[in-house]
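Please read the following report alongside the sequence and the coordinates.

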Amino acid sequence: MNLPFRLHHRPRRVRLAAGAGALVATGLLAWISVALLTSPHTPKIVANNISRNFRACLVNDQQDAAMAQPVWSSLQSAAAGAAINAQHVQIPTGGTAASLPYVNSLVQRKCGLIISVGPGLHQAVTTAARHNPHQRFITMGPSVKLPNVRSFSPTDRSAVISAVQQAARPRPSHRT
C-alpha cells in the first residue's frame, strides 16, 4: 500500500516544482522589465563633426611667443560658441627658409585665415601670400602690401576677434 501512495504524490511534487519554477521565472522577468524601464538612462553620446568648421590658424616663432599670447586669447574668444576651429603653431626661430614650410603647411591644412605674429615671419608670410592669392592672412607686426593680407597691432584684441568672425562667415557663391 505504500507504493501506490508514493506514486500518487510524486507527480504532485513535480507539478508543484514546475509551477514554482514558472512563478520564479515570471517574477524574474517582471523584475528585469521594471528595472530596465525605471533605471537611470545614460545620456546618448552625440559626436560633433568639426571637420567642416572654419579653421583659423595662428603661427609665430619662439622669439615672439609673448607677443602671440594675447592674439591666441583673442582667437579663442572669436572661436567660442562659433563653428570655428582655432589652431596655434609655434615654430622654431630660423629665418624665412625655415619658417616658410610651416606657413605653407597651414595653407595645405586649409586654414581659412592664417594669422602670423612677429617680424620673424614677415618674409615667409609675404612669400606665401604672393603664391596663394586666394588665401587670407593677417599679420601682427610689419605690414604686407598684398590684397589678401591685412595688418593689425598685436594689442588690438577687438580687431582680431572681428576679423576672425568675419572671415568665418560663409561667402555667397558667385553664379553667372
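Against which elements do the buried residues of α3 pack? The buried residues of α3 pack against the strands β1 (54-61), β2 (84-91), β3 (113-117) and β4 (136-140), and also against the helix α4 (122-131). Here contact means heavy atoms within 4.5 Å, and buried means under 20% relative accessible area, exposed over 50% and partly exposed in between, with a 1.4 Å probe and protein chains only. Helices (H or I, at least four residues) and strands (E, at least two) are DSSP runs, numbered from the N terminus.

The model is predicted, so that local features need pLDDT of at least 70 and side-chain atom pairs count only at pLDDT 80 or more, whereas totals for chains, interfaces and linings use all residues. Residues are numbered from 1 along each chain as its sequence is written, and side-chain values use heavy atoms, with hydrogens and water left out.

**Overall composition**

The secondary structure of the protein comes to 5 helices and 5 strands, and along the sequence these follow the pattern α-β-α-β-α-β-α-β-β-α. Of the 176 residues in the protein, 31% are buried. Among contacts between residues at least 6 apart in sequence, 61% join residues at least 24 apart.

| Helix | Residues | Number of residues | First to last C-alpha | Expected span |
|---|---|---|---|---|
| α2 | 65-79 | 15 residues | 20 Å | 21 Å |
| α3 | 96-108 | 13 residues | 18 Å | 18 Å |

In α3, the residues Ser99, Val103, Leu106 and Val107 are buried. They lie on the same side of α3 because they cover an arc of only 105° around the axis, the arc being that of the directions from the helix axis to the C-beta atoms. An α-helix has 3.6 residues a turn, so residues three or four places apart point the same way. The face of α3 turned away from its buried side carries the exposed residues Ala97 and Gln108. Just after α3, lysine 110 takes a positive phi of about 65°.

In α2, the buried residues are Ala68, Val71, Trp72, Ser74, Leu75, Ala78 and Ala79, and the buried residues of this helix pack against β1, β2, β3, β4 and α5 (157-168). Glycine 81, which follows α2, has a positive phi near 75°.

**The sheet**

In what order do the strands of the open sheet run? The 5 strands are arranged as β2-β1-β3-β4-β5, with parallel pairing; two strands pair if DSSP finds at least two bridges between them. The edge strands are β2 and β5 (149-152), each of which pairs on one side only. Neighbouring strands of this sheet are turned by 20° against each other on average, direction ignored.

Within the sheet, β1 and β2 pair in the parallel sense over 8 bridges, and alanine 56 stands opposite alanine 86 in β2. The parallel strands β3 and β4 are joined by 5 bridges, and serine 116 has threonine 139 in β4 as its bridge partner. Strand β1 is mostly covered, with 7 of its 8 residues buried.

Helix α3 lies across β1, β2, β3 and β4 and runs at about 170° to β2, while α4 lies across β3, β4 and β5 and runs at about 165° to β4. For these angles, axes are lines fitted to C-alpha atoms, for helices over the stretch in contact, and angles run from 0 to 180 degrees between N-to-C directions.

**The disulfide**

The structure holds 1 disulfide, a disulfide being a pair of cysteine sulfur atoms within 2.5 Å. This disulfide joins cysteine 57 to cysteine 111, with an S to S distance of 1.8 Å, and the link is left-handed, with -70° about the S-S bond. The pair links distant parts of the chain, since cysteine 57 lies in strand β1 and cysteine 111 in the loop between α3 and β3, 54 residues apart. Cysteine 57 is buried, with a relative accessible area of 0%, and cysteine 111 counts as buried at 2% relative accessibility.

**After the last helix**

Arginine 169 lies in the segment after α5 and counts as exposed because its relative accessibility is 53%. Arginine 169 and isoleucine 84 are 85 residues apart in sequence and 9.8 Å apart in space, C-alpha to C-alpha.

How values were computed
Expected span 1.5 Å × (residues − 1).
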